[in-house]
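Trainee: Could you show me how to read salt bridges and helices in a protein model? I would like to start with the general idea each time.

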Amino acid sequence: MAEALPVFLDVEASGFGAGSYPIEVGCILPDGRTLCCLVRPPDGWQHWDQSAEAVHHITREVLMQHGLPIEDVVCRLDEALRGQDVYSDAWGNDYAWLSRLYDEVDRVPRFHLRSLRELLSEAQAARWHEVKKEVSEALHTTRHRASNDARVLQAAYARLCAEQTPVCSDPQ
């Protein structure tokens, strides 16, 4: 029986750098189920970068109308991911944005955010971007959204594992 795939997470944000914040968090679980939450920014979160919006196509108005309160997003993430290692291909950014989300409600994540790089051999790391692009094209991911991006990450990792012998194992 094949090893279970790791959980992958992606965050869409209001922009980059100081003042930016998470606006959508998505993840894919080992069984292929996804969780995706739009985040309603609190009044103090004002940073907005039009170039970021041009990539993810999420407007501030959509967030205000359809986003969940931060406490709800945090509860959903903790419930789905409790005790698990969760991987990101942009650990530095995603860690900062998740920290901002959790700090806002004075909580800490019940899961461990880790870098994708911890899972990859040198050979896999060298092929990562190429395989990720191939997988994205094969999955026809036209929307740049958090859960779609997490699905691409997990599928690309699975493809890299299938290419090597022996099959990738649990990083623990």
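Mentor: Happy to! A salt bridge is a side-chain nitrogen of Lys or Arg within 4 Å of a carboxyl oxygen of Asp or Glu. Side chains of opposite charge can pair when their charged atoms come close. Keep in mind that this model is predicted.

Trainee: How many salt bridges does a search of the whole structure find?

Mentor: The search turns up 12 salt bridges. One of them joins Arg114 and Asp85, with N to O at 3.6 Å. Arg114 sits in strand E5 and Asp85 in strand E4, so this pair ties together parts that are 29 residues apart in sequence.

Trainee: Is Asp85 buried or exposed?

Mentor: Asp85 counts as buried, because its relative accessibility is 19% and the cut-off for buried is under 20%.

Trainee: Which residue forms a salt bridge with Asp89?

Mentor: That is Lys132, with the closest N and O atoms 2.9 Å apart. Lys132 belongs to helix H5 and Asp89 to the loop between E4 and H4, so the two link parts 43 residues apart in sequence.

Trainee: Now helices, please. Which residues of H3 are buried?

Mentor: First the idea: an α-helix has 3.6 residues a turn, so residues three or four places apart point the same way. In H3, the buried residues are Ile70, Val73, Val74, Leu77, Asp78 and Leu81. They cover an arc of only 125° around the axis, which means they lie on the same side of H3.

Trainee: What covers the buried residues of H3?

Mentor: The cover includes strands E1, E2, E3 and E4, along with helix H4.

Technical notes:
Residues numbered from 1 in each chain as written. Predicted model: local features only at pLDDT ≥ 70, side-chain atom pairs only at ≥ 80, totals over all residues. Heavy atoms only, no water. Buried < 20%, exposed > 50% of the residue type's maximum accessible area, 1.4 Å probe, protein only. Helix = DSSP H or I, 4+ residues; strand = E, 2+ residues; numbered from the N terminus. Arc of directions from axis to C-beta. Contact = heavy atoms within 4.5 Å.
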